[in-house]
Amino acid sequence: MSELEARIAQLEAELAALRTAQVQQKMEAETITHAQQTVVQGDQHIHAAPLDPAVAQAETALRTYLRRSVNECNALPLGQIDRNDSPEVRPLMLAQLYIGLNTTEQVQDPERAARPDRSATRPLSVLEALSRQERPRTILLGVPGSGKSTFVSHLALCLAQAELNPTDDVATLPGWTLGQRLPIRVILRDLAAFAPLEESPRGTVRIFEQFLATLLADAGCAAALPLLTDALKEGSALLLLDGFDEVVGDSILKRVAEMIRDLDRSYQSPILVTCRVLDYNEEQQRQLAGFATLTLAELDDGQIEQFVGDWYRELAASGRRPAAQAALDAQELRDALASRDELRDLARTPLLLTVMALVHAFRGTLPDARALLYYECIDLLLLRWRQPRGELDLLERFNLPQFRSSDLLVLMAELGFMAHTQAERSNAAPHQPADLDETQVMAILAAGFEPFDVSRRYELAHMMLNALTFGNGLLLKRGDKLYTFAHRTFQEFLAGYHLKRQRDYRKLCLERAGQIHWHESLSLMVSFQVLQDQELEKPLVLAEALLARSPLEQVLGGECLNLISSERAKGYDPELLKLPNGLWPRTRTMLLDLLTKGVAPEVPVALRARAGRALGHLCYGSLASLSRPATAIELPIPDPRLPLALLGLPGQQDAAWLQALETYWRPLAPGPFWYGDDDDTPLVSMPFTEGGKIARFPITNADYARFVAAGGYQQPQWWREVGWRFLQPGGHPYDDQDVMITEPRYWHNSRYTNPLQPVVGVSWYEAAAYCRWLSACGHQQGWLPQHAILRLPTWVEWQRAARGQDQRRYPWGNTEPTPEHANYDQTGLGLPNPVGCFAAGAAACGAEEMAGNVLEWTASAHAEPTAGQDRKDFTPSEDVILSGSAFWWGAEQLCCGSRVRLDPNGGNDDRSFRVFWSPRS
């Protein structure tokens with residue numbers, strides 16, 4: 001060894017020793033907190049007094065609490081399920097797989113502010129939305145599996161890690177501007193089961209702090225309580241209350257809601273509550289005064305792409321896949337999602353995307369429906385439960401040849417049914433949380449071994465319960481003698497699976513159909529019956545029985561028919577689809593009445609919108625099928641309100657079609673009217689000389705599908721030069737597309753693809769091209785006079801239709817807006833509604849939804865709002881007027897004069913259009 005090499009080796013050894021000394025010093029600093037400290041300053045040695053023992057104990061306890069939070073939040077409960085997993089392989093980590101979630105609200109994109117398109121927007125992230133509130137008090141809403149709890153866990157994880165390591169910041173939380181906060185995460189289901197709360201006449205902050213003290217004591221860090229409560233009071237913490245929807249039963253829900261309101265009054269720190277959308281909308285006690293609501297958006301294509309890549313990278317990083325194989329698997333899953341519309345729709349929910357990734361990784365195939373995906377995932381979890389690492393299969397250990405894997409699923413289904421039954425929100429039922437105690441679990445498991453004597457039954461049940469406890473299976477141990485399912489959706493699937501096996505199946509289903517709480521279980525049950533069991537008779541009988549009951553149950557019945565599908569029904573019994581008395585046309589009439597005539601409280605707007613979605617699929621099937629050439633389409637039972645959805649189809653030849661077309665157009669008589677922006681300036685009288693007709697509704701997906709099916713995007717005659725250039729690869733300056741545009745932007749996003757929803761994601765150029773195609777159809781088919789054309793309305797024509805000829809502020813009059821009038825932020829739908837939900841908000845001319853729901857393109861330039869002539873084209877740099885307001889806007893923007901200025905390229909999820917019948921060509 002040369003002298004230089006020896007010197008390098010010596011330096012490396014000294015560096016290693018130094019690192020070891022630093023680690024030891026850090027460990028001593030963390031564990032010997034009360035020793036006298038010596039601080040060296042130059043040549044002086046200053047002996048500092050030891051820390052106050054109580055303070056040191058509290059700080060140590062706080063670090064224990066934070067470390068426990070990190071461990072609990074970072075571990076993925078579905079991570080270790082590969083039957084070939086090695087004991088040396090580390091768990092999958094949330095920090096490596098988490099996707100930043102967005103809300104349904106759109107905001108201006110600052111990166112595009114300097115560009116001509118001032119309309120360019122993007123989704124507002126949850127972190128940004130929480131950060132921008134002056135006094136953050138928020139309820140985060142989402143559908144099952146939308147990522148509410150995962151968001152809470154990730155936020156708590158990042159904040160806890162930053163607390164433990166002061167040199168870190170919260171850079172892992174993009175958009176977060178509230179700074180470092182002490183995270184305090186509480187599962188509200190646990191809080192609801194806290195005995196002092198159940199025994200108290202009301203919920204208070206004092207009981208909450210008792211509950212927090214109990215949690216800390218159980219975790220071995222009781223001394224941290226003063227630091228946590230002080231932080232809450234001073235405003236330096238973040239209180240995360242997860243799962244408000246899992247607090248069920250009127251009395252306990254009332255006390256928990258009282259407690260949250262008391263926390264709001266007592267603490268300065270931000271408070272975030274999570275809840276399911278449906279539970280929030282249906283139960284007034286969950287609607288906390290002073291708490292803003294945010295709704296989680298579905299995952300977009302970029303987020304899905306990110307997760308798939310991160311998922312397989314984490315499989316490789318954790319030792320589960322060679323890197324090269326992981327890359328191939330990731331591409332295979334991407335290809336599957338790209339080629340199958342139904343999978344891409346399912347993947348927009350975080351839970352279902354995770355399920356698909358699990359099934360794809362460990363089974364190699366992807367089922368094509370939610371019920372089958374849940375079944376596959378549950379089967380996967382049961383396999384992992386049965387065969388822990390290094391041990392015999394659970395069923396082999398039982399030594400019971402007659403006990404099969406299907407028997408294990410039956411036992412789990414009974415547990416799921418019991419757990420779901422205990423979560424019922426019936427006024428007559430005593431409150432119990434959705435957890436199962438050990439006695440209940442043991443009783444059901446033991447009953448599965450009925451041929452044996454009692455002693456042997458419970459011995460086998462105990463073996464199974466031990467497997468549950470240590471095997472990370474479907475049913476997880478959450479505390480001392482307390483069990484719960486890995487996710488509520490699995491509980492719902494299993495509850496439905498149990499119901500379908502019962503002799504009195506129909507009776508049991510009807511007993512539960514009046515409760516929203518059971519609708520997901522019943523829907524999954526019907527889907528599984530149809531797709532897996534190939535059973536049609538029982539679902540058809542159940543659906544027909546539901547249609548004879550309450551509006552809520554009628555809507556569920558319509559949804560069940562859609563799960564069965566008109567194609568299967570026709571093959572089973574063609575009479576089901578025949579007019580006028582077949583089950584399908586009777587259901588259409590019933591749903592149409594609920595949608596257009598229903599009123600709160602019996603038929604609230606959320607239920608009307610749900611009826612509209614069921615009606616859309618019942619009438620038209622899927623948007624993918626509607627987009628095929630006309631010869632390939634056979635509609636079940638079309639909606640009589642939408643004649644344009646039948647262009648080129650056999651239904652157009654029906655005698656009632658022309659009558660439907662006549663009622664679709666709302667005439668506007670010539671004469672003066674009042675015009676203005678409804679701001680501080682008075683309205684002015686303006687002439688309206690030529691008259692015309694405006695469409696009753698915005699153009700729906702079912703209407704627009706005829707243009708897509710007719711090859712409208714491939715035929716230059718419907719497009720002017722600028723619009724045709726817009727379609728070409730690279731023609732849109734903001735999407736960076738490398739292929740030609742052939743359909744609207746959200747044509748495959750399930751949030752926006754119901755046939756009865758307004759078409760969204762269309763630019764001005766697409767709206768104008770549709771109008772030209774529609775005019776040509778009318779002239780060729782003879783229902784549009786040659787001297788008339790169909791086009792976008794001017795801003796003056798649109799406002800004349802909305803305001804009528806008086807000085808009303810809103811299309812319906814001067815009554816202040818309510819959720820019965822329009823779809824806006826307080827309505828709570830969070831997306832465009834199926835047309836016809838708001839009969840109370842109709843304009844005097846009969847046009848509907850001219851306030852709220854979607855913005856509508858006009859043929860007027862912002863620079864010339866009152867110009868008499870409609871503009872035939874716009875350059876990308878010109879601003880166009882969009883009239884009306886959007887589903888996420890506030891009540892103050894529902895006035896007749898509401899408008900925005902945007903460039904013609906934009907096509908976001910709140911932009912649509914309606915058509916104007918002009919007497920001049």
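**Figure 1. Overview of the protein chain.** The protein chain contains 34 helices and 22 strands. The model shown is predicted. Of the 921 residues of the chain, 56% count as buried. Its accessible surface amounts to about 38400 Å², and carbon and sulfur atoms contribute 52% of that surface. Among contacts with a separation of 6 or more, 69% are between residues 24 or more positions apart.

**Figure 2. Packing of helix α8 with helix α9.** Helix α8 spans residues 205-218 and helix α9 spans residues 225-234; the two pack at an angle of about 140 degrees, and their axes lie 10 Å apart. Because of this angle, α8 is oblique to α9. The crossing of the two helices is right-handed. On the α8 side, the contact is formed by F208, E209, L212, A213 and L216, which meet L225, L228, T229, L232 and K233 of α9.

**Figure 3. Packing of helix α18 with helix α19.** Residues 405-422 form helix α18 and residues 438-447 form helix α19; an angle of about 145 degrees relates the packed helices, with 9 Å between their axes. The crossing of α18 and α19 is right-handed. Helix α18 contributes L411, M412, E414, L415, M418 and Q422 to the contact, where they meet Q440, V441, I444 and L445 from helix α19. The residues of this contact divide into 7 nonpolar, 2 polar and 1 charged.

Methods:
Residues numbered from 1 in each chain as written. Predicted model: local features only at pLDDT ≥ 70, side-chain atom pairs only at ≥ 80, totals over all residues. Heavy atoms only, no water. Axes fitted to C-alpha atoms, helices over the stretch in contact; angles between N-to-C directions. Helix = DSSP H or I, 4+ residues; strand = E, 2+ residues; numbered from the N terminus. Parallel < 35°, antiparallel > 145°, perpendicular 65-115°, else oblique. Left-handed = near helix turned anticlockwise from the far one by under 90°. Contact = heavy atoms within 4.5 Å. Nonpolar A, V, L, I, M, F, W, Y, C, P; charged D, E, K, R; others polar. Buried < 20%, exposed > 50% of the residue type's maximum accessible area, 1.4 Å probe, protein only. Areas by Shrake-Rupley, 256 points an atom, 1.4 Å probe, with all protein chains shown as cover.
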